[in-house]
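Here is a short report on one protein chain. Please look over its sequence and fold before reading on.

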Amino acid sequence: MDETPTMSRFDQAYASNTAPWVIGEPQPAIVELEHTGAISSPVLDIGCGAGEHTILLARLGYDVLGMDFAPRAIEQARANAAARGVDARFEVGDALRLAGTSTYRTVIDSALFHIFDDADRAAYVRSLHGVCRPGGLVYVLALSDAGRGFGPQVGEDTIRSAFGTGWELESLQTTTYRGVVGEAHAEAFGVAAGTMVDEPAFLARVRRL
């Protein structure tokens, strides 16, 4: 796996409005989790990006914090929440060094896990363990290696091996991740830039022991 992208790379994507994961709506897989009652407060939306999931959950009455290490992402998330009249909380923070102890019952990771290289992935999982309550759940939505290279991709074994001691992987399902095709992928995908696509993904449900 390539090295973990830098914060400045993400900040630039937000500044230039070229982030392919900013789709103006929550991921369908996360919406379905909420519909099935799988999410319990307090919730951490880690790598929240433009804030769609935090806004969704805050509007529905959840105690939720959206966190991202890209300052421009948090700026956009706060602006999006204000535009929709939703009182949602956001903070700039480092997923590899989360503060607090046993704080959250649910953590939502939509397209963060898959960006990390091997060393940072291990640090991330340790960081998550520290802020999850015993019995708390982490949901990981990550692009699958069965996809067309829309973004960083992971295999099933990567997810299984990442959550070892201190965790129980309760389920690992195939699903889809929705994104916007940019100029870099338009020709390979055979669609116009700006087209919304649903790419193969995994949805993991992991319990903190």
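## Strand S2

This is a predicted model. In S2, Val64, Gly66 and Asp68 point one way. Leu65 and Met67 point the other way. All of these residues are buried. In a regular strand the side chains alternate between the two faces of the sheet. S2 is mostly covered, with 5 of its 5 residues buried.

S2 spans residues 64-68 and pairs with S1, residues 43-46. The pairing is parallel and runs over 4 bridges. Val43 stands opposite Val64 of S2. Ile46 has Met67 of S2 as its bridge partner.

## The sheet

S1 and S2 belong to an open sheet of 7 strands. The strand order is S3-S2-S1-S4-S5-S7-S6. The pairing is mixed. S3 (89-92) and S6 (167-180) stand at the edges. Each has a single partner strand, so one side of each is left without a neighbour in the sheet. On average, neighbouring strands are turned by 20° against each other, direction ignored.

Helix H5, residues 118-131, packs on this sheet. H5 touches S1, S4 (104-110), S5 (132-143), S6 and S7 (196-208). The direction of H5 makes about 145° with that of S5.

## Helix H3

How many of the 8 residues of helix H3 are buried? The count is 7, so H3 (residues 52-59) is largely enclosed by the rest of the structure. The buried residues are Glu52, His53, Thr54, Ile55, Leu56, Leu57 and Ala58. An α-helix has 3.6 residues a turn, so residues three or four places apart point the same way.

Which elements do the buried residues of H3 pack against? Two are helices: H2 (28-35) and H4. The strands are S1, S2, S3 and S4. Just after H3, Gly61 takes a positive phi of about 100°.

## Helices H1 and H4

Two packed helices are described by the angle between their axes and the distance between the axes. H1 (residues 7-15) and H4 (residues 71-83) pack at an angle of about 35°. Their axes are 7 Å apart.

From H1, the contact takes Met7, Asp11, Tyr14 and Ala15. From H4 come Pro71, Arg72, Ala73 and Gln76. The residues of this contact divide into 5 nonpolar, 1 polar and 2 charged.

## Cysteines

A disulfide is a covalent bond between the sulfur atoms of two cysteines. A search of the whole structure finds 0 disulfides. Cys48 is in no disulfide. Its nearest cysteine sulfur, that of Cys132, is 16 Å away. A disulfide here needs sulfur atoms within 2.5 Å.

Cys132 is likewise in no disulfide, and its nearest cysteine sulfur is that of Cys48. Are these cysteines buried or exposed? Cys48 counts as buried, at 7% relative accessibility. Cys132 is buried too, with a relative accessible area of 0%.

## The annotated span

What does the record say about residues 43-136? The unreviewed UniProt entry carries the annotation "domain: Methyltransferase" over this span. In the model, the end C-alpha atoms of residues 43-136 lie 10 Å apart. The span is 37% helix and 27% strand.

Notes:
Residues numbered from 1 in each chain as written. Predicted model: local features only at pLDDT ≥ 70, side-chain atom pairs only at ≥ 80, totals over all residues. Heavy atoms only, no water. Pairing = 2+ DSSP bridges. Axes fitted to C-alpha atoms, helices over the stretch in contact; angles between N-to-C directions. Contact = heavy atoms within 4.5 Å. Buried < 20%, exposed > 50% of the residue type's maximum accessible area, 1.4 Å probe, protein only. Nonpolar A, V, L, I, M, F, W, Y, C, P; charged D, E, K, R; others polar. UniProt positions renumbered as here; feature names shortened; annotations may be inferred.
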